[in-house]
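User: I have a model open and would like to talk it through with you. Could you take my questions as they come?

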Amino acid sequence: MTLEQAGEKLAKYGQEHLLKYYGELSEEEKGSLLKQIEETDMGILEACKHREELTKKGVITPLASMQLDEIEANRAGFTAVGMEAIRQGRVGAVLLAGGMGTRLGSDDPKGMYNVGITRKLYIFECLINNLMEVVQESGTWIHLFVMTSEKNHQATVSFLKEHEYFGYQEEYVHFFKQDMAAATDYQGKIYLEAKGRLSTSPNGNGGWFTSLKSNGLLELIQEQGIEWLNVFAVDNVLQRIADPCFIGAVIQKKCVVGAKVVRKNAPDEKVGVMCLEDGRPSIVEYYELTEELMNARDENGEPAYNFGVILNYLFHEQELEHMMASSMPLHIVEKKIPYLDENGELKKPQEPNGYKYETLVLDMIHQLDSCLPFEVERNREFAPIKNRTGIDSVESARALLQENGVTL
């Protein structure tokens, strides 16, 4: 993009201030700024003017989950179908690993955190070990797509390479950076975080598929004939990835997305729950659950909204391509955003001063026609690491790993 083209784009969206310091920049900085302006989707910024409308929920009704007893009764059949899909190369795995270990007291990517006690055992290692079990059982390597962020890309790639991918075959590991979205003030004006750099943040966990595409990996998926993508978060060290039983159940039930869920341990547990919204699959976040929904009962007298998602989903790839043709719903989040003031000095606000723009996985599910919530045992598949101590912490995850026979 030339300076003239950048000026035209900025004028169209009322963002001309982004070139205020252009004359002070080095040639390299100029090129970097023009590239950022070219790549930034400014069409989304108008949304902040009607953000209240974006948060409106439809009518919420229950969506029944496939529970453990039904899964056990059909395990052999589901597993056979899932194994066939894996052996035919129709399944890929997508690891969302863009986060840092800040809340764990680490400056490294979260996946590099060591959960071992008497030996080193990294979060990345735990996840790859889990995936390797399926590789060994099926005799088939599964393509693993690792989503990083601007902040942690180089460190993540170097770490996994240095550890020889913990035994995973290198040609089946593919890295891609999450796309970034601009951060703005309350009027939708993009902040500068440096004289030659727009303020940006990752575009939310719903941005993984568009990021995969913009990094050129959709062609590989199509060439390889991958039909199903198992998307999972970096911080759950016990989760089963490319689980043949889960894959087979989703295929047999003719659903286009599956979601692993756990039975909630309390009505107000901080997990999003599966539901229908205006008759389509959806997730209602824990902070959106009213007293009425928390206390609602199904026909068996059980809590109607009792199954929480653990960010382990199976998507039909072609459905995602169809979805890409339309725009994803946008979430506008109030945040504290470092910015250059009118004197060109960097300020780090103590209070929220603007918006970040995100898309979320829950909206991907809501745009699809059918979803299978698939119950898993908490103690076998749910050990999230959000904090250093207490609930969902390194401590609690270590206890669960040991309970499942993992040597720490």
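User: Which residue just after α1 takes a positive phi?

Analyst: Gly14 does, with a phi of about 65° just after α1; helices (H or I, at least four residues) and strands (E, at least two) are DSSP runs, numbered from the N terminus. Keep in mind that this is a predicted model, in which local features need pLDDT of at least 70, side-chain atom pairs count only at pLDDT 80 or more, and totals for chains, interfaces and linings use all residues. Residues are numbered from 1 along each chain as its sequence is written, and side-chain values use heavy atoms, with hydrogens and water left out.

User: And which residues of α1 are buried?

Analyst: In helix α1, which covers residues 3–13, the buried residues are Ala6, Lys9 and Leu10, where buried means under 20% relative accessible area, exposed over 50%, and partly exposed in between (1.4 Å probe, protein chains only). Seen down the axis of α1, these buried residues fall within an arc of 95°, so they line one face of the helix; the arc is that of the directions from the helix axis to the C-beta atoms.

User: What does that face pack against?

Analyst: The buried residues of α1 pack against α2, residues 27–39, with contact meaning heavy atoms within 4.5 Å. On the other side of α1, Glu4, Glu8 and Lys12 are exposed.

User: Where does Asp392 lie, and what is its phi?

Analyst: Asp392 sits in the loop between α13 (378–381) and α14 (394–403), and although Asp392 is not a glycine, its phi is positive at about 50°. Asp392 too is partly exposed, with a relative accessible area of 28%.

User: How many bridges does β17 make with β5 and with β14?

Analyst: Strand β5 (residues 180–184) and strand β17 (residues 354–358) pair over two bridges in the antiparallel sense, with Thr184 opposite Tyr355 in β17. Between β14 and β17 there are five bridges, again antiparallel, and there Lys335 stands opposite Gly354 in β17.

User: Now the whole chain: how many helices and strands, and why call it compact?

Analyst: The protein chain has 14 helices and 18 strands. Its radius of gyration is 22 Å, close to the 22 Å that the globule rule gives for 408 residues, so the chain is as compact as a globular protein of that length; the radius is taken over C-alpha atoms, and the rule is 2.2 Å times the number of residues to the power 0.38. Along its principal axes the C-alpha trace spans about 70 × 50 × 45 Å.

User: What share of the residues is buried?

Analyst: Buried residues make up 52% of the 408 residues in the protein chain. Among contacts with a separation of 6 or more, 75% are between residues 24 or more positions apart.

Methods
Pairing = 2+ DSSP bridges.
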